[in-house]
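Please look at the sequence and the structure as they come up.

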Amino acid sequence: MSGLNAEDLGLKRVANVYHNLSYDELFKHENANQEGRVATSGSMMIDTGKFTGRSPKDKYFVEQSPSKEHISWGDINKPVSAEIFDELYDDVIEYLSDKDIYVTDGFAGSSDKTQKSVRFITEFAWQSHFVKNMFIRPEAAQVDSFSPDFRVYNASHLSNAKWKEHGLNSEVFVIFNIEKNIAIIGGTQYAGEMKKGIFTMMNYWLPLQGILSMHCSANVGKDGDVALFFGLSGTGKTTLSTDAERELIGDDEHGWDDEGVFNFEGGCYAKTIDLSSASEPEIHAAIRRNALLENVVANADGEVDFSDVSKTQNTRVSYPIEHIDNHRASLQAGIPRNIIFLSCDAFGVLPPVSKLTKEQAMYYFLSGYTAKVAGTERGITEPVTAFSACFGEPFFPLHPTVCAQILGDKMEKHAVNAFLVNTGWVGGGYGVGKRMSIKGTRACINGILNGSINDPEFVSTPFFQLNIPTTLAGVDSNLLNPRNAWEDKASYDATAKKLAGLFVKNFKKYTDNDDGFDFTQAGPQL
């Protein structure tokens, strides 16, 4: 039980308040409340209802000064009035009052200079479990003096019946009031809204201080060489940065200041589709007591079938970073030596690995390309491009060029290397070629990290002007040049030209400025 009262929590009344429960206590509450069941691994399994992913069309910012002058408004960062926020905030407070609630305190950001303290107020023990996994847990000496910089009120079972009257997208709402340092969530149980919500706020606060915030994973080698892995969901950020030979700094969200790289989080959130101990041993081993599995399918005995996607393709597990044996205890390291952009190219056009100039790095960072394949979503019958600036545009309130400019300055100052790695298809597009094996992609990563990728001769690809090695240990040389890997060269040329045109079309929105920030010549040319 907690010493927090209603006034402390901003509620009208309180019933039982369970504050910063231990993992064992949360486990007991989850079982007693019948919120989930236990897998054979010892981890808790829960379902998130009809929403098994984020609801990006239901995310809003309160339109008010001074934040409205900084936010890049549009389809991603949508405004809502202070009056509508206040009305929904009152509904949330009334809804949570008189309930048994779970309060979890955590830190976002492992750098003391910019760390934010966040208090999460939720109605389920498993949601408290999730944020305990994902955020940096206060030390015992910090608990009593904890004062939140930001609060998240999660009323997941409260829907907005007046959403049409309010002019919103649906009954779901995820709203950020930057000036009041509050976020409210309603209508969705998906816990990733809390994780990505705080990431979004860090992406607002830090770049305004000249600090780069990044949707990337990071690890560090024995000699202190730091590598960053940028990529959209499903491209391999978590898998490829989890390496038995290198310490994991973090798997998803980081900052880069004058001292180096620092993790925003205290845990990992990995996709589990087709997970196996053979292909991803570290992640598989992390699924044990205190881990939290989402929307997986298990038999009556609790044995999980990670290949079963009958509930969702987006099955996931959250776990404290301590579950990865080879993790960086400080969650921080020095200046990056290598930056790796991951794209799952379902068209089979991009090479498995290519070395980028600084200008090309800016282009591909702003493009943030990957591709969805047939069968993963209703209505998709052929590969579909997905461009997401900074490899995470839904989470960046500021204009993408703000972060791109900071990245370019840091790359130039520290002579950082940049590479583009295709974790998707080779030898043909989806349905014709084959997907690059994890083993083959790891060989590309190893070549980058140990420097051997710089030894062979490089050649340039058509259309995309990418510099690719002619040989690389552990990778079939026939695959390194994507055109050579296709049996039908004319088909490759047509597909490459089509994809290049999509890049060119997408990038036009970043050339409508007067500051000379234009890297179109570094991208594909038709």
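This is a predicted model: local features need pLDDT of at least 70, side-chain atom pairs count only at pLDDT 80 or more; totals for chains, interfaces and linings use all residues.

Residues are numbered from 1 along each chain as its sequence is written, and side-chain values use heavy atoms, with hydrogens and water left out.

The chain holds 15 helices and 30 strands; these are DSSP runs numbered from the N terminus, helices being H or I of at least four residues and strands E of at least two. Of its 526 residues, 59% count as buried, meaning under 20% relative accessible area with a 1.4 Å probe, protein chains only. The C-alpha trace spans about 70 × 55 × 45 Å along its principal axes.

Now to the sheet. Eight strands form an open sheet with mixed pairing, in the order β1-β6-β7-β8-β10-β9-β4-β5; two strands pair if DSSP finds at least two bridges between them. Because β1 (17–19) and β5 (78–80) stand at the edges with a single partner strand each, one side of each lacks a neighbour in the sheet.

Within this sheet, β7 (residues 116–122) and β8 (residues 150–155) run parallel and are joined by four bridges. Which residue of β8 is the bridge partner of Arg119? The partner is Arg151.

How values were computed. Buried means under 20% relative accessible area, exposed over 50%, partly exposed in between (1.4 Å probe, protein chains only).
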